[in-house]
Amino acid sequence: MYQSLTIVGNLGTDPEMRALPSGKFVTNFSVAVNRKYTKDGQTLKETSWFKVAVFDKQAEACATYLKKGSEVLVEGRLSPDPTTG
């Protein structure tokens, strides 16, 4: 079975890059996705947050070129949080 996820939103924090014990790099950042809709004549706004991890060359590029507020499109797979599911 194949799983794919596309997220379009804005960075909520500056990317944080670090080196793994294997010597590879990983960059972490959060992405906010906003949704506006109308319910009973009232406009409501909903924000969903996603934690993103990027590895190797893409990790270096994200840490170099992205900053808080940058608009991004992320394609990848969804991994549930081990503690909350």
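Buried means under 20% relative accessible area, exposed means over 50%, and partly exposed lies in between, using a 1.4 Å probe and protein chains only. With that scale in hand, Asp56 at 33% relative accessibility counts as partly exposed. You are looking at a predicted model, in which local features need pLDDT of at least 70, side-chain atom pairs count only at pLDDT 80 or more, and totals for chains, interfaces and linings use all residues. Residues are numbered from 1 along each chain as its sequence is written, and side-chain values use heavy atoms, with hydrogens and water left out.

**The chain as a whole**

- The protein chain holds 1 helix and 5 strands; here helices (H or I, at least four residues) and strands (E, at least two) are DSSP runs, numbered from the N terminus.
- Starting at the N terminus, the order of these elements is β-β-β-β-α-β.
- The radius of gyration of the protein chain is 15 Å, while a compact globule of 85 residues would have one near 12 Å. This radius is taken over C-alpha atoms, and the globule rule is 2.2 Å times the number of residues to the power 0.38.
- Along its principal axes, the C-alpha trace spans about 55 × 35 × 25 Å.
- Of the 85 residues, 21% count as buried.
- Among contacts (heavy atoms within 4.5 Å) with a separation of 6 or more, 55% join residues 24 or more positions apart.

**The largest pocket**

- On a 1 Å grid over the protein atoms alone, a pocket is an open set of points where a 1.4 Å probe fits, with protein on both sides within 12 Å along at least five of seven lines; lining residues have an atom within 4 Å of a point.
- The volume of the largest pocket is about 800 Å³, where a volume is the space filled by probe spheres set on the points, and grid points are joined across faces, edges and corners.
- Its lining has 23 residues, and Lys51, Val52, Ala53, Arg77 and Ser79 lie nearest the centre.
- β1 (5-11), β4 (42-55), α1 (56-65) and β5 (71-76) each give two or more residues to this lining, and β4 provides the largest share, with 7 residues.
- Sorted by class, the lining has 16 nonpolar, 3 polar and 4 charged residues. Ala, Val, Leu, Ile, Met, Phe, Trp, Tyr, Cys and Pro count as nonpolar, Asp, Glu, Lys and Arg as charged, and the others, Gly among them, as polar.

**Two buried residues**

- Ser30 sits in strand β3 (residues 25-39) and counts as buried because its relative accessibility is 15%. Beyond residues up to four places away in sequence, Ser30 touches Asn10, Leu11, Gly12, Thr13, Trp49 and Phe50.
- Cys62 belongs to helix α1 and is buried, with a relative accessible area of 15%. Leaving out residues up to four places away in sequence, Cys62 touches Pro15, Thr27, Phe29 and Val54.

**A loop residue and its contacts**

- Lys24 lies in the loop between β2 (16-19) and β3 and is partly exposed, at 47% relative accessibility.
- Apart from neighbours within four places in sequence, Lys24 is in contact with Arg18, Ala19 and Asp56.
- Lys24 and Thr47 are 23 residues apart along the chain, and their C-alpha atoms are separated by 32 Å.

**Positive phi angles**

- Most residues other than glycine have a negative phi.
- Asp40 has a positive phi, near 55°; Asp40 is in the loop between β3 and β4 and is exposed, with a relative accessible area of 78%.
- Asp56 also has a positive phi near 55°, and Asp56 is found in helix α1.
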